[in-house]
Amino acid sequence: MKPVKVGICGLGTVGGGTFNVLKRNAEEISRRAGRNIVVESIGARRVNPDCDTWGTHITGDIFEIATNPEIDIVVELIGGYDTALKLVMTAIENGKHVVTANKALIAVHGNEIFEAAQKKNVMVAFEASVAGGIPVIKAIREGLSGNKINWLAGIINGTGNFILTEMRDKGRDFADVLAEAQALGYAEADPTFDVEGIDAAHKLTILASIAFGIPLQFDKAYTEGISNITAEDVQYAEELGYRIKHLGISRRTEAGIELRVHPTMIPEKALLANVHGVMNAVLVDGDAVGQTMYYGAGAGAEPTASAVVADIVDVVRTLTADRDNRVPHLAFQPGSLSELPILPVDAIVSGYYLRLTVNEKPGVLAKVASILSEAEISIDAIVQKETHQQQVPIIILTQDVEEKRMNAAIAQIEALADVNEPVTRIRVEHL
């Protein structure tokens, strides 16, 4: 049987890793795929010194890869939106199957990409777009296909998890750890995508779509970063038996789907609370299987390449299959996607950690407790920290309440004359 020819676009960290894994494990991959897989051509602006590309055609024009009649599968590893979208759509129009690690592309443009692929009878595979080398998309889409997924929650950005782990383990502040993360290459010079939750929201959008059978709706995801988390918050959480993690959470409710990324306090013995450093993990709750967790390296050259190559193998295995017998891109048949709405964040229900800075005066705590009581917000714990200063911190843990109601109560608390700073609020989940 003639070999399947692959064109790789982008020879950076992931592209180089993919090329090396395909070359090093060629025999094993061929045994799994049932056919030889060869890299016919590479589209890259510069060579990667970690790759021995001798004998492989290299072009500076990535669109040459997308239109080359000899190439069966285009592997898009250039990242970004506009050029990547044009490349992928060109490849689809030319009858090429596509493999991509581009979470932003899929989260924002996936609906139109999959529609185009359906019309041209080609596959678009994107396992590497979420959590690097962890095969979580395949697990949800195929391994859990007998389940009604209730919710999923994940640590899906290693940079944020590294920062919060260092803050907890060593009592360091956010800015200090961020600088180290940038020096180590974990964070970009502009870390906004990582620390403000945008990267995680891209990934969560994809996971939610596959879990609940809904169209990709990145624009409706709620994102909140970790840049305002202080060393004191991390310490207080520990004292209360919790840890702070930057989670992506999506939950099915009677009213719709929650789709949110934000700092979250979870019990210290919870599975996700014990995922440290740059590692990723996704916890999925299905009605039949219960909870399952998928853990591993969420980034890096070869962990991500592992997922890219697995997608290539999947495409090769199904090259001759009728499109109606292929696994759908978003797990559910295209005509069966649900119209369940994405809920606004003020409609979610969770517990809350509140930190107030107040004047050291009698009666302040009573006024705060009265506001919460009138709002029918039940309190689990109150801690007033002892200090020798004029201002003292008060820590409050509440039971579950709708966010809209909590927002109104916080506004009243902040209006009190003896409350000196905006209230710090962190959502609490018992996963």
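Biologist: Why is Tyr-186 called partly exposed?

Modeller: Its relative accessible area is 37%. Buried means under 20%, and exposed means over 50%. The value of 37% for Tyr-186 lies in between, so Tyr-186 is partly exposed. Bear in mind that this is a predicted model.

Biologist: What makes Phe-162 count as buried?

Modeller: Phe-162 has 9% relative accessibility. The cut-off for buried is under 20%. Phe-162 therefore counts as buried.

Biologist: How many aromatic pairs does the structure hold?

Modeller: There are 2 aromatic pairs. Phe-162 and Tyr-186 form one of them.

Biologist: How do you know that Phe-162 and Tyr-186 are a pair, and why is the pair called edge-to-face?

Modeller: Take the distance, then the angle. The two rings are 5.0 Å apart, centre to centre. Rings pair if their centres lie within 6.5 Å, so Phe-162 and Tyr-186 qualify. The angle between their planes is 65 degrees. Planes over 60 degrees apart count as edge-to-face, so this pair gets that name.

Biologist: Now helix α2. Which of its residues are buried?

Modeller: In α2, residues 26–33, they are Ile-29, Ser-30 and Ala-33.

Biologist: What covers the buried residues of α2?

Modeller: The cover includes α1 (13–24), β2 (37–43) and α12 (301–317). After α2 comes Gly-34, with a positive phi near 90 degrees.

Biologist: Which residues of helix α6 are buried, and what do they pack against?

Modeller: Helix α6 spans residues 136–143, and its buried residues are Val-136, Ile-137, Ala-139, Ile-140 and Arg-141. They pack against β7 (149–155), α10 (198–212), β11 (279–286) and β12 (290–297).

Biologist: What makes the phi of Ala-131 worth a remark?

Modeller: Its phi is positive, about 60 degrees, although Ala-131 is not a glycine. Ala-131 is in the loop between β6 and α6.

Biologist: Is Ala-131 buried or exposed?

Modeller: Its relative accessibility is 1%. Buried means under 20%, so Ala-131 counts as buried.

Biologist: And why is Asn-121 called partly exposed?

Modeller: Its relative accessibility is 35%. That falls between the 20% and 50% cut-offs, so Asn-121 counts as partly exposed. Asn-121 is in the loop between α5 and β6 (124–125). It too is a residue other than glycine with a positive phi, near 60 degrees.

Biologist: How do you know that Glu-403 is buried?

Modeller: Glu-403 has 2% relative accessibility. With a cut-off of under 20%, Glu-403 therefore counts as buried. Glu-403 is found in helix α14, residues 403–414.

Biologist: What does Glu-403 touch?

Modeller: Leave out residues up to four places away in sequence. Glu-403 then touches Val-345, Asp-346, Ile-348, Tyr-352, Arg-425 and Arg-427.

Biologist: What is the volume of the largest pocket, and which residues are closest to its centre?

Modeller: The volume is about 1500 Å³. Of the 49 lining residues, Thr-13, Val-14, Gly-79, Lys-103 and Glu-188 are the closest to the centre. Elements that give two or more residues to this lining include α1, α7 and α12. By type, the lining divides into 20 nonpolar, 20 polar and 9 charged residues.

Methods:
Residues numbered from 1 in each chain as written. Predicted model: local features only at pLDDT ≥ 70, side-chain atom pairs only at ≥ 80, totals over all residues. Heavy atoms only, no water. Buried < 20%, exposed > 50% of the residue type's maximum accessible area, 1.4 Å probe, protein only. Helix = DSSP H or I, 4+ residues; strand = E, 2+ residues; numbered from the N terminus. Contact = heavy atoms within 4.5 Å. Phe/Tyr/Trp six-rings, centres within 6.5 Å; stacked < 30°, edge-to-face > 60°. 1 Å grid on protein atoms, 1.4 Å probe; cavity = no way out; pocket = protein on both sides within 12 Å on 5 of 7 lines; lining within 4 Å. Points joined across faces, edges and corners; volume = space filled by probe spheres on them. Nonpolar A, V, L, I, M, F, W, Y, C, P; charged D, E, K, R; others polar.
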